[in-house]
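Open your viewer and keep the selection tool at hand. We will go from stop to stop.

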Amino acid sequence: MTLAFHIPTLTTERLTLRAPREADFPAMLAFNDSPRSAFVGGGAPRQQIWRGLLANIGHWALRGHGFYSVDTKAGDFIGRIGVIYHDGWDEPELGWHLFDGHEGHGYCVEAARAAKADYHARLSPAPLISYIDPANPKSEAVARRLGATLERETVFFDKPANVWRHPGPEAGA
Amino acid sequence: MTLPHERPPVPGLLADRAAALQGALPVLMTTRLRLDVPDLNDFPAWAEILCSPRARYMDGPYSRAAAYTEFAAMLGTWMLHGHGVFALRPHHSGKAVGFICVNMEPGDNEPELGFFILEAVENQGLAAEAAVAVRDWARGQGIASLISYVDPDNARSMRLATRLGAVRDPLAEAAYAETSDAGIAVFRHWGVTRA
């Protein structure tokens, strides 16, 4: 068996969404070690972050989608955004996290729109969800700007989480 | 009825290779459009434009066979030059409604930004939205100069080129004075005139 897969490169007005690579590891570690990662299982052991980097590449190979690494036009790696569907997830999720110092520019919304449109164009028109910690208003604001609405409350990996539902591709980007 | 050479490959090794080649090329995302590299499923839209009177300003209308040759040449440009044609796909449908090319064809003195869309989607600003994205992408790729060749009788394209901020380049136009393309308008997006 040959495992051949391709990770697209998406270009938006200000950002590039690209395949993950080993050089992303230090920035992912720094994020994990910062308070910003509190809502996405932060403070994990270094080995788990490494496995997360590799598992995401495996997710791309298995499902044809996953987290993109997001760069600015200047080449700064600013976060990871994409559609993930790991064991334990109810449905494919549009997820995002932006590294320290890159908030307030609308980058998260711009990249998430591109990743969402790419998922619908290549894989499925089924509307996506986002799991968001109820105590994470910044992420809720991103969800709202993407047109998502609060659908239900749930428990996700032993913690309360809200399920936000995104509009499908018919609603435009 | 599509002709044999217009049919996409059946699922299998060859289809996978074609998809992998296409998948390795860039995708641009705008508010309303996905811009990616077309495949044979998009040939009907391409032929609809090139085989119609809409192609009168681009050496057409073409026969369907000649339109296929143009399509193949434009896709081959990706392999030869690293730039080429993008399909315009509204996010809601995914169906190609037009094409934007970064060309380098016989007779071109420098890379050209070209654009054409289906009549049904005119007057929505889609060509402009796509042209801005492809132009900015081309700049980021390090293309040293970029122009658009426009037939002066093509009022819509003349307006679009102007709206993109490109300006007429008299020196570049003069280079065509003694050729069959005499009178062509050359709009410059950036770079210097090559004599």
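This is a predicted model: local features need pLDDT of at least 70, side-chain atom pairs count only at pLDDT 80 or more; totals for chains, interfaces and linings use all residues.

**Stop 1: confidence.** Colour chain B by pLDDT. Its mean is 94, and 98% of its residues reach 70 or more. For the complex, the predictor gives an ipTM of 0.73 and a pTM of 0.85.

**Stop 2: the contact.** Show both chains. Chain B brings 15 residues to the contact, and chain A brings 16 residues. Now select α1 (13–23), β1 (27–29) and α4 (126–140) of chain B: these elements each give two or more residues to the side that touches chain A. Which element of chain B gives the most to that side? Pick β1(B), with three residues. Colour this side of chain B by residue type. You will find seven nonpolar, six polar and two charged residues.

Stop 3: Select strand β1 (residues 10–11) of chain A together with β1(B). They pair in the parallel sense over two bridges. Pick L10(A), then look across to its bridge partner in β1(B), V27(B).

**Stop 4: the core.** The largest nonpolar core has 74 residues. Select A111(A), A115(A), L35(B), L88(B), I100(B), A130(B) and V134(B), which touch the most other members. Next, highlight helix α3 (residues 107–122) of chain A, which gives the most to this core, with eight residues.

**Stop 5: one residue up close.** Centre on L35(B). What is L35(B) in contact with, leaving aside its neighbours within four places in sequence? Its contacts include V27(B), the bridge partner of L10(A).

Terms used
Residues are numbered from 1 along each chain as its sequence is written. Chains are lettered from A and ligands numbered from 1 in the order in which they are written. Two residues are in contact if their C-beta atoms, placed from the backbone, lie within 7 Å. Helices (H or I, at least four residues) and strands (E, at least two) are DSSP runs, numbered from the N terminus. Ala, Val, Leu, Ile, Met, Phe, Trp, Tyr, Cys and Pro count as nonpolar, Asp, Glu, Lys and Arg as charged, and the others, Gly among them, as polar. Two strands pair if DSSP finds at least two bridges between them. A nonpolar core is a set of buried Ala, Val, Leu, Ile, Met, Phe, Trp, Tyr and Cys residues joined through C-beta atoms within 7 Å. A residue is buried if 20 or more other C-beta atoms lie within 10 Å of its own, exposed if 12 or fewer, and partly exposed in between; C-beta atoms are placed from the backbone. pLDDT is the predictor's confidence in each residue, from 0 to 100.
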